[in-house]
Amino acid sequence: MNTNLDQFAGQKYLSIETFKKNGEGVKTPVWFVLHNGSFYVYTEADSWKVKRIRNNPKVRVAVCDMRGNVKGPFMDGTATLIEGEERVAADKLLDKKYFLKKIFNWASKLGRHKRAMIKVEV
């Protein structure tokens with residue numbers, strides 16, 4: 001594993017900083033999985049972070065706690081919204097890591113909430 005990525009091993013939360021059109025950063029704590037050197041994060045498809053990524057794929061990521069308090073150095077990355085087989089594989093990895101995500105999957109189907117999968121390459 002990339003030694004810069006070692007700080008993320010065993011961690012539950014990732015601070016993903018996305019950028020507004022005016023350049024102002026917005027940090028959000030999220031669940032994540034690190035797989036083959038890329039981070040995978042899922043979120044509501046109509047969330048502001050998804051809208052900001054569509055406008056500007058530049059992001060920064062760092063280890064954080066569930067409240068978003070950053071616990072390590074930020075790394076620059078590029079975010080993309082993924083679909084297809086890669087998304088299915090990332091969903092399975094996240095389901096394996098976070099039991100509560102399985103409950104959210106079920107609830108989102110009932111409420112017809114659309115989800116987006118974000119891939120961050122650093």
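## Strand pairing and the sheet

Two strands are taken to pair if DSSP finds at least two bridges between them. In this predicted model, S4 and S7 meet that description, pairing in the antiparallel sense over seven bridges. Within this pairing, Lys-119 of S7 is the bridge partner of Tyr-40.

The open sheet to which these strands belong has seven strands, arranged in the order S2-S1-S5-S6-S7-S4-S3 with antiparallel pairing. S2 and S3, the latter spanning 33-35, stand at the edges and have a single partner strand each, so one side of each is left without a neighbour in the sheet. On average, and with direction ignored, neighbouring strands of the sheet are turned by 35° against each other.

## Helices against the sheet

H1 packs on the sheet and touches S1, S2, S4, S5, S6 and S7, its direction making about 55° with that of S1. H2 also packs on the sheet, where the strands touched are S2, S3, S4, S6 and S7, and the direction of H2 makes about 95° with that of S7.

## The nonpolar core

The largest nonpolar core comprises 27 residues, and those with the most contacts inside it are Phe-8, Leu-14, Phe-39, Val-61 and Val-120. At least two residues of this core come from each of the strands S1 (13-19), S2 (25-31), S4 (38-44), S5 (58-64), S6 (75-82) and S7 (115-121), and likewise from each of the helices H1 (48-55) and H2 (84-97).

Phe-39 illustrates how separate parts of the sequence meet here. When residues up to four places away in sequence are not counted, Phe-39 touches Leu-5, Phe-8, Leu-14, Phe-32, Val-33 and Leu-34, together with Val-61, Ile-118, Lys-119, Val-120 and Val-122.

## Two contrasting positions

Thr-28 is found in strand S2. Its relative accessible area is 18%, and because buried means under 20%, Thr-28 is classed as buried. Leaving aside residues up to four places away in sequence, Thr-28 touches Leu-14, Ser-15 and Ile-16, as well as Lys-49 and Arg-52.

Trp-48, by contrast, lies in helix H1 and has a relative accessibility of 62%; since exposed means over 50%, Trp-48 counts as exposed. Trp-48 and Thr-18 are separated by 30 residues in sequence, while the C-alpha to C-alpha distance between them in space is 9.2 Å.

Technical notes:
Residues are numbered from 1 along each chain as its sequence is written. This is a predicted model: local features need pLDDT of at least 70, side-chain atom pairs count only at pLDDT 80 or more; totals for chains, interfaces and linings use all residues. Side-chain values use heavy atoms; hydrogens and water are left out. A nonpolar core is a set of buried Ala, Val, Leu, Ile, Met, Phe, Trp, Tyr and Cys residues joined through side-chain atoms within 4.5 Å. Buried means under 20% relative accessible area, exposed over 50%, partly exposed in between (1.4 Å probe, protein chains only). Helices (H or I, at least four residues) and strands (E, at least two) are DSSP runs, numbered from the N terminus. Contact means heavy atoms within 4.5 Å. Axes are lines fitted to C-alpha atoms, for helices over the stretch in contact, and angles run from 0 to 180 degrees between N-to-C directions.
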